Amino acid sequence: MLTLKNQFLVHMLSFVLCSLIISDGTQVLGAFPLSENIDFSEKYKQLLQKSKSRSGSRKELAFEAIETSQAAIKAGDYSSALKIAALAVKAGKASGNNHAYTLANSLKQRCGMLVREYRNVERFHKKLQQNPNDAKSAFLYGQFHALKLNDWKQGLVWLARGEDAEFRTLAKQELANLNNQSALLEVANGWYQLAEKEKGLTKRELEMHAYDLYSRAWNQSIGEDKREINEKLSKMPLRYLNHMQELDVIPGGWPFGKNGDPGNGGIFTVNQIEFPNGLGLVPPSRGFARVCYQLDGLYNTFVTGVAIRDSKTQFNSTITFIVLGDNRVLWKSIPIRHDKDVLFCKVSVKNIHRLEIRTETPGINRGAYAVWLDPHVLK
């Protein structure tokens, strides 16, 4: 199954806006175990043959190519990943599926970036294979893993051996306190302070790693601790709605769902992709469901995807998704009837103090599994 990590934080197209990409910027896939020795050049030839034969669904081919490209990234074969992503773009466009085409385009951009960035660190990677304690190589290759691949687990290991004292200290502290929430908050402060000294994408990626550490504690904290974390998150360039306090919830057929929960437990998927920061907002029959958030004019843009989650239950009506700012309609989707596709929303919330997202259906809500795909606001 495909999964979305933070997802689409800093490198996505308009949907995930320089997120990921994101974040990793693209879905993190799990279909190809890392222990397998896969020839991705051969996988590309197989996918290309499928494309030429025109057998099967174009959409299925696009998602298969997306998955294979992501697996190639994890295996470190960035050139093959780029070729496979380009094939996914063609298949996604031919399929007419907005979701597949958008993801494939984002992935292709990310693969191109990884090819370029790896050229700059390849010689240091090779040095580390000969001498794992080469401090300069460890720092530069660690930065590549953490900031470009968004693989902080491996990146921290190399940064902890690197020549840069600030990166090395923070990496060691994080590795030593992975299960200590209060200590990790201090580490998050350190990464954020380090980000203030940097520029461009390095600054952005360090901020997002600090955000990731802060957000882990958000749902588990209460009282003064939660207020302190809220202040930290409010300073970030991006914030997911599930890491904000919801207000004036009007639930529908199911309770309001957070953290990828559609509203009845579990994690929802769209085209077999998970959205861990997604929201579930099933409308009641012939009515609407809504949830509000206090923005206080701090943000400029609201970004999300909207869809009906994967389900075998047939839905016989339509769902409309609506975004309101200070009681004024900012965006309204066309009525959605079928699942398997995604509409994307990017709208200005400049000077907006109260954001409301709403779903409504004119019919019976059986199968009206409305979901918001990692909705977030940007400064």
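1. Start with R354 and D248: their side chains meet in a salt bridge, 1.9 Å from N to O. (A salt bridge here is a side-chain nitrogen of Lys or Arg within 4 Å of a carboxyl oxygen of Asp or Glu.) R354 sits in strand 13 (residues 354-361) and D248 in strand 4, so the pair ties together parts that are 106 residues apart in sequence. Helices (H or I, at least four residues) and strands (E, at least two) are DSSP runs, numbered from the N terminus. R354 is partly exposed at 25% relative accessible area, and D248 is partly exposed too, at 43%. For these words, buried means under 20% relative accessible area, exposed over 50%, and partly exposed in between (1.4 Å probe, protein chains only).

2. Before going on, bear in mind that this is a predicted model, where local features need pLDDT of at least 70 and side-chain atom pairs count only at pLDDT 80 or more, while totals for chains, interfaces and linings use all residues. Residues are numbered from 1 along each chain as its sequence is written, and side-chain values use heavy atoms, with hydrogens and water left out.

3. Now look at K258 and E246, whose side chains form a salt bridge at 3.1 Å, N to O. This pair links distant parts of the chain, twelve residues apart: K258 is in the loop between strand 4 (247-250) and strand 5 (269-270), and E246 is in the loop between strand 3 (238-240) and strand 4. K258 is partly exposed, with 22% relative accessible area.

4. E122 is partly exposed at 31% relative accessibility, and K126 is partly exposed at 47%.

5. The salt bridges come to ten by this rule. Among the residues involved, R290, E356 and R358 are linked in a network.

6. Finally, the second largest pocket holds about 250 Å³ of space. Of its 13 lining residues, L185, D225, E228, I229 and K232 are the closest to the centre. Helix 8 (181-195) and helix 10 (223-234) each supply at least two lining residues. (On a 1 Å grid over the protein atoms alone, a pocket is an open set of points where a 1.4 Å probe fits, with protein on both sides within 12 Å along at least five of seven lines; lining residues have an atom within 4 Å of a point.) The volume is the space filled by probe spheres set on the points.
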